[in-house]
Amino acid sequence: MTNPCELVEIYTDGACKGNPGPGGWGALLVCGGRRRELKGGERDTTNNRMELLAVIEALGALTRSSHVRLHTDSQYVHKGMTEWLPGWRARAWRTAQGAPVKNRDLWERLDALARAHHIQWVWVKGHSGHTGNEAADRLANEGVSSVLDSGSRA
């Protein structure tokens, strides 16, 4: 995405065949009429890790600080970024119950990437016909397939 635009629309999704099991992530970036699709996967992972990785990879693909509207069907990602993250940071990456935050490595990466952008976090209902979410779901499932077909990390 070399041409600047006013708003980058990002749609993300994660998928897992078994939890844990082979998983995939997908992201669709739309900017000024241009589209970019990203996908990947891991052999042994969880759905939550794939949801997080989809957002991390999408934000990491941006080449400059951007205004972003990020759509996710993951309550885990949405609530993590809009509600839970400040508390986790304040409690040295502990939950309100005192337990270590799961997937801390990915949350820290996402936190750092998110700080570089102006992001509006939008939760969408999954599998409800939302065009961007359906595209991200397709990409995430292609990420799973690539792992299953290759027998290694895609």
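These entries record what I looked up about the core and the salt bridges of this predicted model.

**Core.** I began with the largest nonpolar core, which has 32 residues. Ile10, Leu29, Leu59, Leu70, Trp107, Leu110 and Trp121 touch the most other members. I then listed the elements that give two or more residues: strands E1, E2, E4 and E5, and helices H1, H2 and H3. Helix H1 (47–60) is on that list, and H1 gives the most, with eight residues.

**Ile10.** I looked up its contacts, leaving out residues up to four places away in sequence. Ile10 touches Leu28, Leu29, Ala58, Leu59, Leu62, Val68, Arg69, Leu70 and His71.

**His78.** I found this residue in helix H2. His78 has a relative accessible area of 16%, so I noted it as buried. With residues up to four places away left out, His78 touches Thr72, Trp121, Val122 and Trp123.

**Salt bridges.** I noted nine in the structure. Arg49 and Asp105 meet at 2.9 Å, N to O. This pair links distant parts of the chain, with Arg49 in helix H1 and Asp105 in helix H3, 56 residues apart. Arg49 is partly exposed at 23%, and Asp105 is partly exposed at 40%.

Next I took Arg138 and Glu142, whose closest N and O atoms are 3.1 Å apart. They are four residues apart in helix H4, so about one helical turn separates them. Arg138 is partly exposed at 35%; Glu142 is partly exposed at 28%.

Glu37 and Arg35 also form a salt bridge, at 3.6 Å. Arg35 is exposed at 53%, while Glu37 is partly exposed at 40%.

Last, I checked for a network: salt bridges link Arg35, Glu37, Lys39, Arg138 and Glu142.

Note on methods. Residues are numbered from 1 along each chain as its sequence is written. This is a predicted model: local features need pLDDT of at least 70, side-chain atom pairs count only at pLDDT 80 or more; totals for chains, interfaces and linings use all residues. Side-chain values use heavy atoms; hydrogens and water are left out. A nonpolar core is a set of buried Ala, Val, Leu, Ile, Met, Phe, Trp, Tyr and Cys residues joined through side-chain atoms within 4.5 Å. Buried means under 20% relative accessible area, exposed over 50%, partly exposed in between (1.4 Å probe, protein chains only). Contact means heavy atoms within 4.5 Å. A salt bridge is a side-chain nitrogen of Lys or Arg within 4 Å of a carboxyl oxygen of Asp or Glu.
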